[in-house]
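Take a look at the protein below. The report that follows goes from aromatic rings to a cavity and then to one helix.

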Amino acid sequence: MSFEGHEIRCVRRSLLLEALAAELPNGTIRYSSKVVSIEDSGYFKKVHLSDGTTIKTKVLIGCDGVNSVVANWLGFKKPVSTGRSAFRGYADFKTGHGFKPEFRQFMGKGVRSGFLPCDDYHVYWFLTWFPTSQEEELEENPVKIKQIVLNELNDAPDDMKTVIENTPPDGFVSSQPLKYRHPCDLLWGNISKGNVCIAGDALHPMTPDIGQGGCAALEDGVVLSRCLAEALLKSAGKEFKNGAFEEDDDYKRIELALNKYAKERRWRSFDLITTSYMVGFIQQSNGKIISFFRDKLLSAFLSALLLTKAGFDCGKL
């Protein structure tokens, strides 16, 4: 679909991950390998996994999510809760949904929902709300999830309810508290230290209100690859006594590369986290004054803001 000259596509996360994984050599990805601790080992780092395995690495890039062990090792505090939670899912219309290729969003009474067609048969949807203490302890039961979502959408248009009704049991993603890293932590924290850095949700956990979490992670990958490539190419072929590469020289080059990456991504991450939080606060607010300004004055501004953040150019590899 197109919006003010911008092409917009809805891609299922699983398909994107499969496509990215397919570009890597077999055995590159090690699944079910939770990081337990990190240990210094000269110019290397030893990563201890929950299955007892230890990996020795020259560069450690922590992409281990919101509750990152690597981020904790670098000194970051745990992300904080916004008080909101979110359900997401994919509806499957066997005979076609008939919706126009457009993003539709609904707000009111502290609840925000919306949906976006992926193709002629599948529709992505979301719901964010302020859960009660009982709802925060939900089991991963699709039947209960569906009922709660429909209850929260009591005042939503019929199209939104139809999307939920056509979501299969395996199409629901369980409730997740929405967390974010405090922007000030990014300004003063160590995004990198020595030969260790963080990226993705480990670096910039944010609310989903501007749809830039996954996109920012891809940007991280481009910038990090570029910085490391520049450093390692300079040291490639540089030999010392006995034909061995000088580990100290490599370590310093890697450290400089990660510092460059951290400097480049710090303000971008700060901007995205802050903007996402404020957009979510405004769009989901139930206060009369904020609701009035949001509905009457800020709609066009917020739409333009989303496109501006999505149009960021992180450069080429």
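Phe93, Phe99, Phe106 and Phe115 form one aromatic cluster. Rings of Phe, Tyr and Trp (its six-membered ring) pair if their centres lie within 6.5 Å. Planes under 30 degrees apart count as stacked, over 60 as edge-to-face and the rest as tilted. A pair of aromatic rings is described by the distance of the centres and the angle of the planes.

This is a predicted model, in which local features need pLDDT of at least 70, side-chain atom pairs count only at pLDDT 80 or more, and totals for chains, interfaces and linings use all residues. Residues are numbered from 1 along each chain as its sequence is written, and side-chain values use heavy atoms, with hydrogens and water left out.

A search of the whole structure finds 10 aromatic pairs. Two of them are set out here.

| Pair | Distance of centres | Angle of planes | Class |
|---|---|---|---|
| Tyr43 and Tyr251 | 5.5 Å | 55° | tilted |
| Phe99 and Phe115 | 4.8 Å | 45° | tilted |

Phe99 sits in the loop between strand S7 (80-92) and strand S8 (104-108). Phe115 belongs to strand S9 (residues 111-117). Buried means under 20% relative accessible area, exposed over 50%, and partly exposed in between (1.4 Å probe, protein chains only).

Now the other pair. Tyr43 lies in the loop between strand S3 (35-41) and strand S4 (44-49), and Tyr251 lies in helix H8, so the pair ties together parts that are 208 residues apart in sequence. Tyr43 counts as partly exposed because its relative accessibility is 33%.

Which residues line the largest cavity? They are Tyr43, Phe44, Lys58, Glu247, Asp250, Tyr251 and Ile254. A cavity is a set of points on a 1 Å grid over the protein atoms alone where a 1.4 Å probe fits but cannot get out, and lining residues have an atom within 4 Å of a point. Grid points are joined across faces, edges and corners, and a volume is the space filled by probe spheres set on the points. The count comes to 1 cavity of 30 Å³ or more. About 30 Å³ of space lies in the largest cavity. H8 gives the most to its lining, with 4 residues. The lining divides into 4 nonpolar, no polar and 3 charged residues.

Helix H8 (residues 247-284) also holds Thr275. Thr275 is buried because its relative accessible area is 11%. Its side chain reaches the backbone oxygen of Asp271 at 2.8 Å. Not counting residues up to four places away in sequence, Thr275 touches Ile210, Leu305 and Lys309. Contact here means heavy atoms within 4.5 Å.

Arg268 lies in helix H8 too. Is Arg268 buried or exposed? Arg268 is buried, with a relative accessible area of 6%. A polar contact of 2.9 Å joins the side chains of Arg268 and Glu219. Such a contact is a pair of N or O atoms within 3.5 Å; within protein, one must be able to donate a hydrogen and the other to accept it, and residues adjacent in sequence count only if both atoms are side-chain atoms. A polar atom of the Arg268 side chain also lies 2.9 Å from the backbone oxygen of Lys309.

Last, the whole protein. The protein has 9 helices and 13 strands. Buried residues make up 38% of its 317 residues.

Methods
Helix = DSSP H or I, 4+ residues; strand = E, 2+ residues; numbered from the N terminus. 1 Å grid on protein atoms, 1.4 Å probe; cavity = no way out; pocket = protein on both sides within 12 Å on 5 of 7 lines; lining within 4 Å. Nonpolar A, V, L, I, M, F, W, Y, C, P; charged D, E, K, R; others polar.
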